[in-house]
Amino acid sequence: MAIELLTQKAGPQISKYIYGQFSEHLGNGIYGSLYVGEDSDIPNVNGMRSDVVDALKQIHVPVLRWPGGLFADTYHWQDGIGQKDSRKKIVNTNWGDVTENNHFGTHEYFELLRQLGADAYINANIGSGTVQEMAEWVEYMTMPGESPMANLRRKNGRENPWRLKFFGIGNESWGGGGNMRPEYYSDVYRQYQTFLPQYDKDHPIYKVACGPNEDDYNWTDTVMRYAGQYLDGISLHYYTLPTGTWGQNKGDATGFPEAEWDSTMTRAKHMDELITKHSTIMDRYDPDHNVDLIVDEWGTWFNVEKGTNPGFLHQQNTIRDAMVAAINLNIFHKHADRVHMANIAQMVNVLQAMILTKGDKMIKTPTYYVFDMYQKHMDADLVEGVGQVPKNVTYTASQKDGELTISICNYDAHEAVDTQFSGLAKFTEVDSAKIITADKLDAHNTFDDPDKVVEKTYTGAKFANGELTLALPAKSVVSVTLK
Ligand code: AHR
């Protein structure tokens, strides 16, 4: 039986910000990978590493969350401005107690955004900072006229304000961001947002409150009740851990038993239940969906690679990660009427990364290729499907500019499956078709073999008489566009 796609019915728009990224001052997530400095032998533009920036430009990163994560609540922005050699050196207490020289600061962040063509999403320090410090940072970044902070910005070489699109007030305030109770956090949030200056009346800064950890539904309920009227979005953090525990053994990124393939798929799919239940709670306070859910940390979290600093969260990325990426993106699309932004953790070298670097080498991961293949869903209209979806298959259909894109994942470890779609009579031909798949459960790219798992042209699509049949190998993600 085919899945009928209701292409005449306009679904909600899939926000491009669902394809957002996250880069924290954590391990090799920024230094040496995104930012190498102007004097590096590695080719760079204004200190930003050119090969990495070029690869990221191809996937059109829409927004980049920075500077943390946990780091955000220890970050004092004034340490990261001015002459680099006189910037304060601090200890990164969350991530390995390494020395942070603050060479990547506010100006460098906006330069990276400029090169990527991405929007800004900055997380304030409410854990160890002050209301005044936050307000002055925003004044520094966004005040167009004369003011103490705007003048300091000019002294540091930037005449015009930057556009600050999204602003997070609190990160994991229930844990490392302050160990607050939701009642207390709600008041802290209300206080901070009161003093968030909005100089650009045409483009008010979008305010994101710290939301729940995983299934902490009481957090969502309490923050929505006490602070819901003062926020644009509330965040959700949920990571996919194969063993389901935050203890010593989260499961390895490679060489894992097949049971951990299965448990990883199950835990990735749990995102659907979390979004559904948090969104239902939000409905009580916000039935018109004026407040968005912002999944600003998600992805796989494995044991670190052997021999690496445990505080650097460095892990390999395999075809299993490609499945997790596709499953999550399909879930976010399904909830497009509530999920406005998502930020995979993290963009380079940390957790479920797009890119891994080593010295002057870089590789694109299987996750990168899924983000590449899925690009046509950005800002497209979701298309509803009616009919039975085969076991271990998840998909999205969306349309934009007269084209329909179906992205589908068969995460079964062994079984291939055919999937049919009907209702496509208004389209005439397959415009493009891509696949990523692999034989082994932990197939991945290495610096010696960088193209082992890459997207390829897909030849398994049959399109005739308004029906599309896709032959899906086991462990595959396929994206097909009809025009
Ligand atoms: O992404 C790594 C860390 O995970 C972040 O710093 C923190 O917010 C979360 O616990």
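Between domain 1 and domain 2 of this predicted model, 14 residue pairs are in polar contact. Let's look at how these two parts of the chain meet.

On the side of domain 1 that touches domain 2, five elements each supply at least two residues: α7, α8, β14, β15 and α9. Here is where to find them in the sequence:

| Element | Residues |
|---|---|
| α7 | 258-285 |
| α8 | 319-334 |
| β14 | 355-358 |
| β15 | 361-364 |
| α9 | 366-373 |

Which element gives the largest share of this side of domain 1? That is α8, with 8 residues. By residue type, the side of domain 1 that touches domain 2 divides into 17 nonpolar, 10 polar and 8 charged residues.

Now step back to the whole chain. Domain 1 covers 15-378, and domain 2 covers 385-482. Where they meet, domain 1 brings 35 residues to the contact and domain 2 brings 42. The centres of the two domains, taken over C-alpha atoms, lie 29 Å apart.

How much area is buried between domain 1 and domain 2? The value is about 2900 Å², and carbon and sulfur atoms give 64% of that area.

Across the interface of the two domains, 2 salt bridges are found.

Conventions
Residues numbered from 1 in each chain as written. Predicted model: local features only at pLDDT ≥ 70, side-chain atom pairs only at ≥ 80, totals over all residues. Heavy atoms only, no water. Domains from an automatic or database assignment. Contact = heavy atoms within 4.5 Å. Buried area = accessible area lost by both parts, 1.4 Å probe. Salt bridge = Lys/Arg side-chain N within 4 Å of Asp/Glu carboxyl O. Polar contact = N/O pair within 3.5 Å; in protein donor to acceptor, adjacent residues only side chain to side chain. Helix = DSSP H or I, 4+ residues; strand = E, 2+ residues; numbered from the N terminus. Nonpolar A, V, L, I, M, F, W, Y, C, P; charged D, E, K, R; others polar.
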